[in-house]
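Have the model open while you read.

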Amino acid sequence: MAMAALRREGRRLAPLISPRTITAVRSSPLYPTLEDEGPLGVRHISTQVVRNRMKSVKNIQKITKAMKMVAASKLRAIQTKTENSRGLWQPFTALLGDLPSADVKKNVVVTISSDKGLCGGINSTSVKISKGLHKLNSGPEKETKYVILGEKAKAQLVRDSKKDIELIITELQKNPLNYTQVSVLADEILKNVEYDALRIVFNKFQSVVSFVPTVSTVLSTEIVEREAESGGKLGDLDSYEVEGGETKGEILQNLAEFQFSCTMFNAVLENACSEQGARMSAMDSSSRNAGDMLDRLTLTYNRTRQASITTELIEIISGASALEG
Amino acid sequence: MLRRASMLLARRPILAARARPFSTDLPAAPSADATFTEAWTKVIPNMDPPKTPLSFMQPRPPTPSSIPSKLTVNFVLPYASELATKEFANPCYDLIPVFKHSILSLFLLIVPATTGQMGVLPGHVATIAELKPGVLSVHEGSEVTKYFVSSGFVFIHANSFADIIAVEAVPLDRLDVNLVQKGLAEFTSKLSSATTDLEKAEAQIGIDVHSALNSALTG
């Protein structure tokens, strides 16, 4: 009977002494106390798991801090470029106005997003707005197609709107953004996609903590003429004399293409700025969270350590008093 | 690391302050914006409608009834705004504004349109013109600033605003004559050895730009 009791004791202790790492992580993370067999049978409670966790959280904190610094320096570099490019789209809006509510048959939504993640919610916002525009412009004889720039929007839109996607362009920021690259891109889009209205969805950079989702509309020449004839915003477009070229239509066609490439350039730059800013704040809150977690783990560690010291002392003292009397 | 952190903290407010000027929302809100916002809120009630470029722009003044005496010029490039809402006034102004005796502060803007050099004065008729590679000169009284423009558009509005949008513009003193000659020779040889239409067109464009550069530097 004593042997059976001993065997039962052994079986009870066995799982505690078995490989700790995997099972301990799966069990309660805050109080993973394990019993160690020290010399003379004295039992120590191990603080190994908590120490491992603290080390990994500290590393994460260092990494996110570094990522924030990198994002800050990239933001500085690209912010000057963005502010300089802001004058580029204004003349077009001054001439042709801004008609996001123009009723057209063929809509193309150009969604601009980032390739890399860890930048907060800006990509999801852009995708939501694009889907909203799709819904807004749905109706009989109307269709909306997507042109996607960036991996993150592609991942989200491929899931439910795969048949509406015309073009996907990724790895935009491999080389520093410049106008030549964007105009080639714009050329590709204009060549391959039929459109009546192009709506560019991007995040406009207001400040390091604020990014405003914006939609820029570029209308094709036919729609511009239709709107000009019907009066209203574009009514006085006819009063402009068009110099050069064989026909007015040819110049207006060039104008529409130029407008698209200029607005794209500004949009891509603004989105890149917003991406870096969002990444900065995301990494900042991540390091702060890691710091908080580290504080909590340090408290747990100290408690466990003190508890094990207390247990040791109690055992020694009770052993000594047993010997005395 | 502390130094870098404090540098970052010091830079942040500056970044925010510099970005401020464009965050002013203007009360313009013309009818197009309102219809869009209404349509959006009907279909997608949970999200705020996205902003449109009109809300980020300074509104332009309306067309005046008499001929205005000043011209406001915006000269923009993808990488910079060379002249941003720079006003040029012609105080000695009369019905016939060109070539008066007191040409002390006469202003003239010459743009290289596809139909030739076009002069722009305050009160010019509203025009949309495409630019060809050539020299753009701003005459302000006695000083002249010349830029070589690669191509672009110029819009002259009825309210005496001129917008010049160019893809590339360099002041003439930054051009190197030798490189221009070399480029011209290169493109001429490319044209003679071109096979497809696309190559021929590209070589022709190269020749046009370089010969314009040449005449700008010599003429």
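This is a predicted model: local features need pLDDT of at least 70, side-chain atom pairs count only at pLDDT 80 or more; totals for chains, interfaces and linings use all residues.

Residues are numbered from 1 along each chain as its sequence is written, chains are lettered from A and ligands numbered from 1 in the order in which they are written, and side-chain values use heavy atoms, with hydrogens and water left out.

**The A–B interface**

- On contact (heavy atoms within 4.5 Å), 62 residues of chain A meet 53 residues of chain B.
- The buried area (accessible area lost when two parts are put together, 1.4 Å probe, summed over both) is about 5200 Å², and carbon and sulfur atoms give 72% of that.
- On the chain A side, Leu136(A), Tyr240(A) and Glu243(A) lose the most area to chain B, together 11% of what that side buries.
- There are 0 salt bridges between chain A and chain B (the rule: a side-chain nitrogen of Lys or Arg within 4 Å of a carboxyl oxygen of Asp or Glu).
- Polar contacts do turn up across the interface, in 6 residue pairs with both partners at pLDDT 80 or more; the rule wants N or O atoms within 3.5 Å, within protein one able to donate a hydrogen and the other to accept it, and residues adjacent in sequence count only if both atoms are side-chain atoms.

**Strands across the chains**

- β8(A) runs parallel to β5 (residues 127–131) of chain B, joined by 3 bridges; helices (H or I, at least four residues) and strands (E, at least two) are DSSP runs, numbered from the N terminus, and two strands pair if DSSP finds at least two bridges between them.
- Glu241(A) has Thr127(B) as its bridge partner in β5(B).

**Salt bridges**

- Over all chains, the structure holds 14 salt bridges.
- In one of them, Lys68(A) pairs with Asp284(A), the closest N and O atoms being 3.2 Å apart.
- Arg226(A) is partly exposed at 37%, while Glu227(A) is buried at 15%.
- Lys68(A), Asp284(A) and Arg288(A) are joined into one network by salt bridges that share partners.

Key:
Buried means under 20% relative accessible area, exposed over 50%, partly exposed in between (1.4 Å probe, protein chains only).
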